[in-house]
Amino acid sequence: MLKIYVFSTLFAAYSFYTVLIYLTGTKETAPTNISFDSKAQEGKKIYQQYNCASCHQLYGLGGYLGPELTTDYSNPERGPLLMRAFLENGGQRMPNFHFSKEQIDCIMSYLRYVDATAVSYKNPYRNGY
Ligand code: HEC
């Protein structure tokens with residue numbers, strides 16, 4: 001009897017949670033005022049070509065030497081100026097790729113796009129940025 005009770009309680013709880021996640025998940029829509037334009041597309045290519053993901057994560061995927069970049073753009077403690085500085089000069093461990101200004105603009109467009117569409121990363125159920 002106890003087993004049935006435990007099973008039913010867990011089943012009800014998981015079902016409730018599934019519905020909750022499903023409903024709150026579908027409420028979050030990506031903003032439409034920012035598009036994946038040609039600059040952002042070029043930025044994504046550069047991101048892949050230079051294998052930024054070997055050190056950085058987007059949406060939690062990638063290497064762990066460098067910081068997660070998904071919400072760097074809107075993070076009040078990081079932001080576009082700091083990001084640009086690293087792309088222009090490299091850092092202590094971040095290589096200097098000697099990008100042109102145009103290439104950096106493209107990377108920034110891409111990371112801005114990623115940030116703007118990372119709605120669930122910024123939702124109040126998750127911690128901070
Ligand atoms: C060899 C590993 C490595 C690679 C490859 C790399 N980075 Fe980094 N990056 C880092 C590290 C580590 C930092 C933190 C600063 C430091 O210690 O130099 C950083 C910092 C940054 C920052 C500043 C973020 C912040 O909040 O401090 C940005 C933006 C960035 N990298 C973008 C890129 C992009 C775009 C690429 C690909 C073109 C790239 N990185 C490739 C290691 C790397």
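**Close-up views of a predicted model**

Leu-10 has a relative accessible area of 44%, so this residue counts as partly exposed, a class that lies between the limits of 20% for buried and 50% for exposed residues. The structure shown is a predicted model.

**Figure 1. Overall arrangement of the protein.** Four helices and two strands form the secondary structure of the protein. Starting at the N terminus, the elements follow the order α-α-β-β-α-α. The protein has 129 residues, and 29% of them are buried.

**Figure 2. A nonpolar surface patch that includes Leu-10.** Helix α1, which covers residues 2–27, contains Leu-10.

**Figure 3. The largest pocket of the model, with its lining.** The largest pocket holds about 500 Å³ of space. Its lining consists of 26 residues. Those nearest the centre of the largest pocket are His-56, Gly-66, Pro-67, Phe-86 and Met-94. Two elements, α3 (79–89) and α4 (101–117), each give two or more residues to this lining. Of the elements, α3 gives the most, namely four residues. By class, the lining of the largest pocket comprises 17 nonpolar, six polar and three charged residues.

**Figure 4. The second largest pocket and the helices that line it.** A volume of about 170 Å³ is found for the second largest pocket. This pocket is lined by 13 residues, and Tyr-73, Asp-105, Met-108, Ser-109 and Arg-112 are the closest to its centre. At least two lining residues come from each of α2 (38–49), α3 and α4. The largest share is that of α4, which supplies five residues to the lining of the second largest pocket. The lining of the second largest pocket divides into six nonpolar, two polar and five charged residues.

**Figure 5. Helices α3 and α4 beside the two pockets.** Both α3 and α4 give two or more residues to the lining of the largest pocket, and each supplies at least two to that of the second largest pocket. In the largest pocket, α3 gives the most to the lining. In the second largest pocket, the largest share of the lining comes from α4.

Methods
Residues are numbered from 1 along each chain as its sequence is written. This is a predicted model: local features need pLDDT of at least 70, side-chain atom pairs count only at pLDDT 80 or more; totals for chains, interfaces and linings use all residues. Side-chain values use heavy atoms; hydrogens and water are left out. On a 1 Å grid over the protein atoms alone, a cavity is a set of points where a 1.4 Å probe fits but cannot get out, and a pocket is an open set with protein on both sides within 12 Å along at least five of seven lines; lining residues have an atom within 4 Å of a point. Grid points are joined across faces, edges and corners, and a volume is the space filled by probe spheres set on the points. Ala, Val, Leu, Ile, Met, Phe, Trp, Tyr, Cys and Pro count as nonpolar, Asp, Glu, Lys and Arg as charged, and the others, Gly among them, as polar. Patches are made of residues with over 30% relative accessible area and no salt bridge: like charges are joined within 9 Å, nonpolar side chains (Val, Leu, Ile, Met, Phe, Trp, Tyr) within 5 Å. Accessible areas come from the Shrake-Rupley method with a 1.4 Å probe; for residues, only the protein chains shown count as cover. A salt bridge is a side-chain nitrogen of Lys or Arg within 4 Å of a carboxyl oxygen of Asp or Glu. Buried means under 20% relative accessible area, exposed over 50%, partly exposed in between (1.4 Å probe, protein chains only).
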